[in-house]
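The tour moves from one selection to the next.

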Amino acid sequence: MQCVPVYDSSMRTVLLLLIPVVACKGTPTEPPPPDCGIVGFADRDGDGYGNPQLQTSDCVEPVVEEGTDCNDANFDVNPGHDEECDGVDNDCDSLVDEDDDDLAIALQYPDDDGDGFGTGAGVRSCDLLADHSEVNGDCDDAVFEVNPSAEEVCDEGVDNDCNGLSDDDDPNLTSLLVFYEDADLDGFGGTTVVVACEQPAGTSFTSDDCDDTVATTFPGAIEICDGADQNCDGDPDTPQFAPDPCVPYEAPYVGTWLLTLEDNGTTVTCAGTSEVTLDRALTPDLQGTFTCTVDAPQGSWSATQTGAITGLFREDGTVEGTVEAFEGVSFEWTGAIVDDVLAASGSGLFISGGSWDVSFSFTLDYVDVPP
């Protein structure tokens, strides 16, 4: 046995430590001489923290200045070590495992629905607790399909993903129905997508309206001879076959004009002439004028009226538009081209110092224009 002197400053005596070696070299009876080295706390496990119960000199064994190690035989036990779940006071604060607030362990939260997300107050435990989860944030721990990782679906106001929003108020909604804005309310949507759990007003299930600003333009609409694609087939005016049915109608029409005004049983007739030109290059594509002479009852006076005729025509030869005359009042009219004759009629209300019920008609003969 080798006799190793250890100096205890509190006892001011020399302690002998017996360390097994080949032979004992003697037992010192005095403290180490001052020039032997530094006196400190023995650090036998080499973790940088000394045994508070054991002071010695570095000429005898390794020493450190700090004597706070609660187990100088275990390198993994000292005040600078992290507390671990191992039944040992790893950081020397007299607390062990989950009783030590320094333990770096995830809290476990009650998870009653077993969806992997807990709720409520967390529990510190080194053991995995049944019906608990280390992930918090479940907003309904009674429903498996409701948790922060669930998909938001349309289900009448349930917040499936626990972000405080539900159904189509939640941008994370995955089960939205897709609609398309129908700005012109013709029943056909354009390209603007609208997603919702229920169909909003002003939307359509279809997205094939080629002009969602014009209510008369949509798939299946009547094609108008105006250079625009009313039926959204990609071919304005001209149908899928030749020849173009609009071409025969594109010409000037001239003829007679008849306007009848009735007021309190008195009838006044305006007879005159009118001219209308059908041309897809015009805007609108049907334009014309009329003149007529209005004779008062018993021929007491007469006056000449002029006005403008505007409108459009379709592939089938039907026409429609307005007549503007008599102080800017407009009358709607409809007509058709039959046997190279354009016949039209309409009605409206003429107000000029009194109320007049107005009906009119005109017939124009087709004027053939040489190619």
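Select Asp45 first. Asp45 is buried (under 20% relative accessible area, with a 1.4 Å probe and protein chains only), yet has no salt bridge. A salt bridge here is a side-chain nitrogen of Lys or Arg within 4 Å of a carboxyl oxygen of Asp or Glu. The nearest side chain of opposite charge, Arg44, is 9.3 Å away; Lys and Arg count as positive, Asp and Glu as negative, and His and the chain ends are not counted.

This is a predicted model: local features need pLDDT of at least 70, side-chain atom pairs count only at pLDDT 80 or more, and totals for chains, interfaces and linings use all residues. Residues are numbered from 1 along each chain as its sequence is written, and side-chain values use heavy atoms, leaving out hydrogens and water.

Stay on Asp45 and show the loop between strand S3 (39–42) and strand S4 (55–57), where Asp45 sits. Strands are DSSP runs (E, at least two residues), numbered from the N terminus.

Next, select Trp257. Which residues does Trp257 touch, not counting residues up to four places away in sequence? They include Cys270, Phe290, Ile309 and Phe362. Trp257 also belongs to the largest nonpolar core, which has 29 residues. Such a core is a set of buried Ala, Val, Leu, Ile, Met, Phe, Trp, Tyr and Cys residues joined through side-chain atoms within 4.5 Å. Strand S11 (252–263) and strand S18 (355–366) are among the strands that each supply at least two residues of this core.

Finally, colour by secondary structure: the protein has zero helices and 18 strands.

Note on methods:
Buried means under 20% relative accessible area, exposed over 50%, partly exposed in between (1.4 Å probe, protein chains only). Helices (H or I, at least four residues) and strands (E, at least two) are DSSP runs, numbered from the N terminus. Contact means heavy atoms within 4.5 Å.
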